[in-house]
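Visitor: I have a model open and want to learn how to read it. Can we go feature by feature?

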Amino acid sequence: MSFIPPKYLFCLMSGCVACSDIIYLFTFFLRPDVVRARKRVCWEPWVIGLVIFISLIVLAVCIGLTVHYVRYNQKKTYNYYSTLSFTTDKLYAEFGREASNNFTEMSQRLESMVKNAFHKSPLREEFVKSQVIKFSQQKHGVLAHMLLICRFHSTEDPETVDKIVQLVLHEKLQDAVGPPKVDPQSVKIKKINKTETDSYLNHCCGTRRSKTLGQSLRIVGGTEVEEGEWPWQASLQWDGSHRCGATLINATWLVSAAHCFTTYKNPARWTASFGVTIKPSKMKRGLRRIIVHEKYKHPSHDYDISLAELSSPVPYTNAVHRVCLPDASYEFQPGDVMFVTGFGALKNDGDSQNHLRQAQVTLIDTTTCNEPQAYNDAITPRMLCAGSLEGKTDACQGDSGGPLVSSDARDIWYLAGIVSWGDECAKPNKPGVYTRVTALRDWITSKTGI
């Protein structure tokens with residue numbers, strides 16, 4: 001293997017290398033056999049110029065190829081608002097309501113059809129996702145309104161891209177197997193920008209800014225979250241001091257725990273703030289009225305649910321918008337992964353925190369939670385348990401009233417529980433106990449119309 005003799009290394013560093021020595025070094029690496037035969041060569045100036053000229057050309061070509069490669073492989077996001085007509089045996093009333101079981105099922109079927117259409121086309125690598133945002137009735141069927149996101153090389157002509165996307169949907173959706181029965185030729189797409197895309201998503205319940213969630217840590221010493229991760233979280237403050245958490249379920253209503261208002265009843269002294277920090281907050285609202293469940297009797301924990309109406313609606317943004325409410329018939333299954341969030345204490349009887357934290361917990365079946373070593377039959381049908389029997393994860397004081405959420409197959413998030421009570425924080429065999437939202441779903445509707 002060739003190497004630079006020590007004397008030349010020294011001269012290079014000291015700046016004393018002559019022109020002939022530089023040429024020697026250049027030749028040494030390119031043609032070591034020549035160097036061995038001719039120890040020292042003095043080239044004509046025109047030869048040196050030619051070598052430099054050729055070197056510059058090679059360098060320019062390399063730079064050009066690198067720039068071309070980077071530019072060609074850089075991808076640009078294309079967002080579309082799309083509509084698709086279909087017919088189904090179901091009545092529109094069965095699936096037209098957002099976040100209902102039937103809405104989710106119909107949305108999932110249509111999104112799968114669109115995904116399969118792209119995966120059977122040359123654009124399988126360019127497709128990112130599709131999401132149904134609503135349905136509307138037509139005279140002879142139903143219209144699905146969808147967001148469609150693709151990524152193409154930045155060198156592609158935008159108009160050509162639009163035509164190709166529509167052509168793929170027209171052709172490949174013909175192979176879609178229903179129900180429902182789609183009309184491929186009805187597909188229309190309209191290019192929209194990121195701001196418009198965000199606005200559509202923010203007006204859908206249960207969407208969030210995706211982030212890889214960290215390891216399971218308790219709110220008691222847990223992980224802080226970033227803006228937009230849990231946009232439905234609110235802080236309820238009495239005379240400016242944080243007391244409880246709450247969850248935004250539409251632009252004017254929060255759901256929380258009944259026990260938050262046992263002592264503090266006057267809505268005029270309550271405020272709700274939104275965002276990942278209490279101070280400063282993203283926005284604030286006063287409370288117009290508070291509704292506590294009629295069957296809640298302190299100090300009992302049963303029916304621990306309340307509603308708070310905001311003094312004025314909140315505008316939906318990336319950082320603040322609503323969670324989905326599950327149907328009363330929806331069943332969360334033991335073992336389901338859920339997340340609880342709040343501004344509560346890091347240890348039992350500790351102080352609340354200014355920055356929102358998250359904890360991953362697991363839904364525990366009621367039979368296990370009612371065993372003597374756990375809560376000894378204290379868990380009613382209006383409650384559910386989530387956490388760890390080893391005592392690793394839990395909510396704590398100050399998290400009361402906050403959300404316990406779970407996502408479906410479409411990555412849409414639903415409110416499963418409301419932080420209610422527990423035996424201290426993160427104790428073994430004493431998981432967190434939450435108000436079961438599905439058991440009181442009809443009560444929420446009766447008070448809010450949601």
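Visitor: What is the mean pLDDT of the protein?

Guide: This is a predicted model. Its mean pLDDT is 87, and 86% of the residues reach 70 or more. Where pLDDT is low, predicted coordinates should not be read in detail.

Visitor: How many helices and strands does the protein have?

Guide: There are 10 helices and 18 strands. Of the 450 residues, 48% are buried. Take the contacts between residues at least 6 apart in sequence: 69% of them join residues at least 24 apart.

Visitor: Back to H10. Which of its residues are buried?

Guide: First the general idea. An α-helix has 3.6 residues a turn, so residues three or four places apart point the same way. Now the case here. H10 spans residues 441-448, and Arg441, Trp443, Ile444 and Thr448 are buried. They cover an arc of only 160 degrees around the axis, so they sit on the same side of H10. The face turned away from that side carries exposed Asp442 and Ser446.

Visitor: What do the buried residues of H10 pack against?

Guide: Three strands: E9 (253-256), E11 (283-292) and E12 (306-310).

Visitor: Let me try H8. Which residues are buried there?

Guide: H8 covers residues 194-202, and its buried residues are Thr197, Asp198, Leu201 and Asn202. Their arc is only 130 degrees around the axis, which puts them on the same side of H8. They pack against strands E1 (75-87), E2 (127-138), E3 (141-153) and E5 (188-192).

Visitor: At what angle do the axes of H6 and H7 cross?

Guide: Two packed helices are described by the angle between their axes and the distance between the axes. For H6 (residues 101-119) and H7 (residues 158-172), the axes come within 9 Å and cross at roughly 105 degrees. The two helices are therefore roughly perpendicular to each other.

Visitor: Which residues meet there?

Guide: From H6, Val114, Ala117 and Phe118. From H7, Val165, Val168, Leu169 and Lys172. By class, that contact has six nonpolar residues, no polar residues and one charged residue.

Visitor: Ser112 is also in H6. How far is Ser112 from Ser130 in space?

Guide: The C-alpha atoms are 8.6 Å apart, while the two residues are 18 apart in sequence. Ser112 counts as partly exposed because its relative accessibility is 35%.

Visitor: What is phi for Asn376 and Asn429?

Guide: For Asn376, phi is near 50 degrees, a positive value in a residue other than glycine. Asn376 lies between helix H9 (366-369) and strand E15 (383-387), in the loop. Asn429 is not a glycine either, and its phi is positive at about 65 degrees. Asn429 sits in the loop between strands E17 (413-421) and E18 (432-436). With 28% relative accessibility, Asn429 counts as partly exposed.

Notes
Residues are numbered from 1 along each chain as its sequence is written. This is a predicted model: local features need pLDDT of at least 70, side-chain atom pairs count only at pLDDT 80 or more; totals for chains, interfaces and linings use all residues. Side-chain values use heavy atoms; hydrogens and water are left out. pLDDT is the predictor's confidence in each residue, from 0 to 100. Axes are lines fitted to C-alpha atoms, for helices over the stretch in contact, and angles run from 0 to 180 degrees between N-to-C directions. Helices (H or I, at least four residues) and strands (E, at least two) are DSSP runs, numbered from the N terminus. Angles under 35 degrees count as roughly parallel, over 145 as roughly antiparallel, 65 to 115 as roughly perpendicular and the rest as oblique. Contact means heavy atoms within 4.5 Å. Ala, Val, Leu, Ile, Met, Phe, Trp, Tyr, Cys and Pro count as nonpolar, Asp, Glu, Lys and Arg as charged, and the others, Gly among them, as polar. Buried means under 20% relative accessible area, exposed over 50%, partly exposed in between (1.4 Å probe, protein chains only). The arc is that of the directions from the helix axis to the C-beta atoms.
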